[in-house]
Amino acid sequence: MNLKGKNVIITGCQQGIGLATMKAAATAGANVFACCQTQKEDFDSAVAELESKCNVRIIPVYFDFSDEASIKNAVKQIQSEKMPIHGLANIAGMTGDSLFPMIRQDKMEMVFKINFFSQIYFTQYVVRLMQRTGGGSIVNVSSISAIDGNPGQVVYSATKASWIATTKTLSKELGPNHIRVNAVAPGVIESLMTKTLIDEGKMDNKIKKISMNRAGKTSEVANAIVYLLSDDSSYVTGQILRIDGGIA
Amino acid sequence: MLMGKTALITGTRRGIGKEILEQFAMNGANIWAHARVETPEFVDYCNSLSKKYSVKVTPLCFELTDSEAMKAAVKIIMKSKEPIDILVNNAGVTYNALFQMSTEAQLREEFETNFFAVYKLTQYISKLMVRQKNGSIINISSTAALDANPGKSVYGSTKAALICMSRVIAVELGNSGVRCNCVAPGVTNTDMLESMPQAVVQEAVDNTDLKRLGEPQDIAKAVVYLASDKASYITGQVLRVDGGLVR
């Protein structure tokens, strides 16, 4: 999997799958526009270290996904670098777990705003840049909860399901412009949030249902995203790739 | 991506299999290259790949539908004492006939090669993989297994059978470190296309999002990815490599 000479935009780079994808993409040779919400010193130093280790450019882009003007500014910053854009990984997102009767409208609107509306808006801008490049690859992060359902995650799952429809539709709309559009659907992934639950055995019932009998790592999702960004997946488009260790 | 791994790939003389063979060699794998009949050209080709990529490509020629021959071939692999990390079940034959015109003889023959032989070979090889607690199996299915294509009731059924088999293998052997996935190529530029009228091929191209045929390299690269440790948490999946074939 090679991303040498490619310039990719990755959102949600400060933690979890986004952070792992930034590392995997840089390791594969890509220059990365690393999109995050707030500037943090330890992130800046991690970026500097990764840049020198991989001999690539990593350009942090700070903006707030809940604010349209902020998104527009971020795109302007990316444009000002005058680099052709070859890839976009839409990873930023939030959960908003609550049982169905307890869902509050303001919370629901917030989760949809962050996980869907804002990212559509951002992607619209990036697609224009990609069309100028002559093509590219977009990878969206859905979830197996969007396909299988998960109690307590009506809102989150619905936002992630919206990416399945978007992925398939965009593949059809943008394919003729040589832009491939795919999604990954991660299963149970070890993250800061789930690690304690896993260690305490609170996820045992879920893990028992996984063929590989373990949770996945963020790096394993990142590798799939890098594969879909790279030319190794040159004829793959409109697909939803489950990365779930096998759930029957 | 496959440095230090050993793979068995079936049907490597031409088409998609030949390209998988080359891509695997390029990525550093040692390979048992299966073909039905051993010809000097095939042996030469394997040798040239070995030299070009500094790997070991060993021809392993037998008729997949001959169970004695298969057993003997598996013995050769076992005798080598080398672990077998990857199995790619690529060999297959196509058959086009409308449902009401398909003959029982053809139906049986197609299942013999495209499914029964694959099932048996995978049983043998997966036993070795379970013993070493590691392995990746890739079955080459087809979009014809997932979509309803006129004339493909027989071929599509054999390829659909592979999908069910793969998913069950993923569940049964996941705990033993064996992953199993399918690649489902769409309309791909190989000899198999010659059996299809030009107009049908053009229509298929128009029906893809990318407006082109798949090339064997496109399919081979997907197989390399799923076979590699980069796909370490992917199992039981069917990856369509079809350029976005409109269904």
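# Notes on the two-chain model

1. Lys82(A) counts as exposed, because it has 6 C-beta neighbours inside 10 Å. Here a residue is buried if 20 or more other C-beta atoms lie within 10 Å of its own, exposed if 12 or fewer, and partly exposed in between, with C-beta atoms placed from the backbone. The loop between helix H3 (68–80) and S4 of chain A is where Lys82(A) sits, and its phi is near 55°, a positive value in a residue other than glycine. As background, most residues other than glycine have a negative phi.

2. Before going on, a word on the model. It is a predicted one, in which local features need pLDDT of at least 70 and side-chain atom pairs count only at pLDDT 80 or more, while totals for chains, interfaces and linings use all residues. Residues are numbered from 1 along each chain as its sequence is written, and chains are lettered from A and ligands numbered from 1 in the order in which they are written.

3. You will find Asn55(A) in the loop between H2 and S3 of chain A. Asn55(A) counts as exposed because it has 8 C-beta neighbours inside 10 Å.

4. Now the sheet of chain A. Seven strands make an open, parallel sheet, in the order S3-S2-S1-S4-S5-S6-S9. Helices (H or I, at least four residues) and strands (E, at least two) are DSSP runs, numbered from the N terminus, and two strands pair if DSSP finds at least two bridges between them. Strand S3 (58–62) and S9 of chain A are the edge strands, each pairing on one side only. From one strand to the next the twist averages 20°.

5. S4(A) and strand S5 (residues 136–141) of chain A pair in parallel over four bridges, with Ala89(A) opposite Val139(A). To get from S4(A) to S5(A), the chain crosses through helix H4 (residues 105–133) of chain A in a right-handed β-α-β crossover; right-handed means that, with the strands pointing away from the viewer, the path from the first strand over the helix to the second runs clockwise.

6. Which way do the residues of strand S4 (residues 87–90) of chain A point? Gly87(A) and Ala89(A) point one way, Leu88(A) and Asn90(A) point the other way, and all are buried.

7. H4(A) lies across S1, S4, S5 and strand S6 (179–186) of chain A, at about 170° to S4(A). For such angles, axes are lines fitted to C-alpha atoms, for helices over the stretch in contact, and angles run from 0 to 180 degrees between N-to-C directions.

8. Where the chains meet, 27 residues of chain A are in contact with 27 residues of chain B; contact means that the C-beta atoms, placed from the backbone, lie within 7 Å. On the chain A side, helix H6 (154–174), helix H9 (218–229) and strand S9 (240–243) are the elements that give two or more residues. H9(A) gives the most, with four residues.

9. Finally, chain B as a whole. It has seven helices and seven strands, and buried residues make up 51% of its 247 residues. A compact globule of 247 residues would have a radius of gyration near 18 Å, and the 17 Å of chain B agrees; the radius is taken over C-alpha atoms, and the globule rule is 2.2 Å times the number of residues to the power 0.38. The C-alpha trace of chain B spans about 50 × 40 × 35 Å along its principal axes. Among chain B contacts between residues at least 6 apart in sequence, 74% join residues at least 24 apart.

Note on methods
Two residues are in contact if their C-beta atoms, placed from the backbone, lie within 7 Å.
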